[in-house]
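Please look over the sequence and the structure below before reading on.

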Amino acid sequence: MLHALGLPHRGDRAIYARRVGSRGIQRVDELIGRRIKERIPAVYLTGETWFAGLPFQVDRRALIPRSPIAELIERRFAPWIDPRGVRRILDIGTGSGCIAVACAKALPRARVDAVDISPEALEVAAINVRRHRVGSRVSLVRSDHFSALSGERYDIIVANPPYVGRREMSGLPPEYRHEPRLALAAGRDGLDSVRVILREAGEHLRARGLLIVEVGNTETAVRRAFRHLPFLWLEFERGGGGVFLLTADQLR
Ligand SMILES: C[S@@+](CC[C@H](N)C(=O)[O-])C[C@H]1O[C@@H](n2cnc3c(N)ncnc32)[C@H](O)[C@@H]1O
């Protein structure tokens, strides 16, 4: 409603006492009508959402930011790493750039490489990098996972890769069909991208580096496929899960 009425989204309660005129009601009705009839996610209708307390512009070229990894970034990855020592971060599958930009804002001494295979997603990420004025520390790179990063090493590799399996893809609610397929589909068992990350991340981590990956409800399949890896599954205060952490030592 605030978006449709052109009002600021600042949690100002006085706004709720305002009267809405008939033109305003019509605008709200139109927007909600599209949400219901066309099953378009609200964020694609308004073009804006919030991640780790920061506003992001999003359209259908990029996945809607919603990763629980936001909470970790807000805590500057403590207690898992000393934030003061973090100089280089890699965000694989950056999409709208939400994780990369939030990392750059939370850790002002860190440089972030943000890679994605989708040029369209990188266009959206560029808008958000400009908006938050972190262009001097966030590099956007077109890359299939690590392919454009030979020889590069990081303190933290963070990823919210695609992890939806074939059967689950066909049963997703219509809202998901407005999001890029590339951002969701990850082969028959949903592990295509996670497999590459687990295979190659070790080579790109510094000695005390961390790998943090969201795999959502593919967690069970990940546990089964990689029984030998001592995953630490993280817990979140605001909900969500399916995020694991591995150290460079454990990966090697
Ligand atoms: C689940 S989305 C995550 C987007 C964003 N990081 C977020 O959390 O909202 C996964 C992203 O990975 C990208 N992607 C898919 N396959 C890739 C690949 N082989 N290499 C790099 N990025 C890839 C998609 O284009 C998409 O932007």
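The structure is a predicted model, and its chain is divided into domain 1, covering residues 1-37, and domain 2, covering residues 49-251. Taken over C-alpha atoms, the centres of domain 1 and domain 2 are separated by 33 Å.

Around the ligand there is a shell of 23 residues, of which Gly93, Gly95, Ser118, Asn160 and Ala183 are the closest. The elements that contribute two or more residues to this shell are α4 (98-106) and β4 (111-116). The make-up of the shell by class is set out in the table.

| Class of residue in the shell around the ligand | Number |
|---|---|
| Nonpolar | 12 residues |
| Polar | nine residues |
| Charged | two residues |

The helix α4, one of the elements that give residues to the shell, is mostly covered, since eight of its nine residues are buried. These buried residues of α4 are Cys98, Ile99, Ala100, Val101, Ala102, Cys103, Ala104 and Ala106.

Arg66, for its part, is found in the loop between β2 (54-57) and α3 (69-74). Is Arg66 buried, partly exposed or exposed? Arg66 is partly exposed, because 15 other C-beta atoms lie within 10 Å, whereas a buried residue would need 20 or more and an exposed one 12 or fewer. Although Arg66 and Cys98 are 32 residues apart along the chain, their C-alpha atoms are separated by 9.2 Å, and Cys98 is itself among the buried residues of α4.

Technical notes:
Residues are numbered from 1 along each chain as its sequence is written. This is a predicted model: local features need pLDDT of at least 70, side-chain atom pairs count only at pLDDT 80 or more; totals for chains, interfaces and linings use all residues. Helices (H or I, at least four residues) and strands (E, at least two) are DSSP runs, numbered from the N terminus. A residue is near a molecule or strand if its C-beta atom, placed from the backbone, lies within 6 Å of it. Ala, Val, Leu, Ile, Met, Phe, Trp, Tyr, Cys and Pro count as nonpolar, Asp, Glu, Lys and Arg as charged, and the others, Gly among them, as polar. Domain bounds come from an automatic or database domain assignment.
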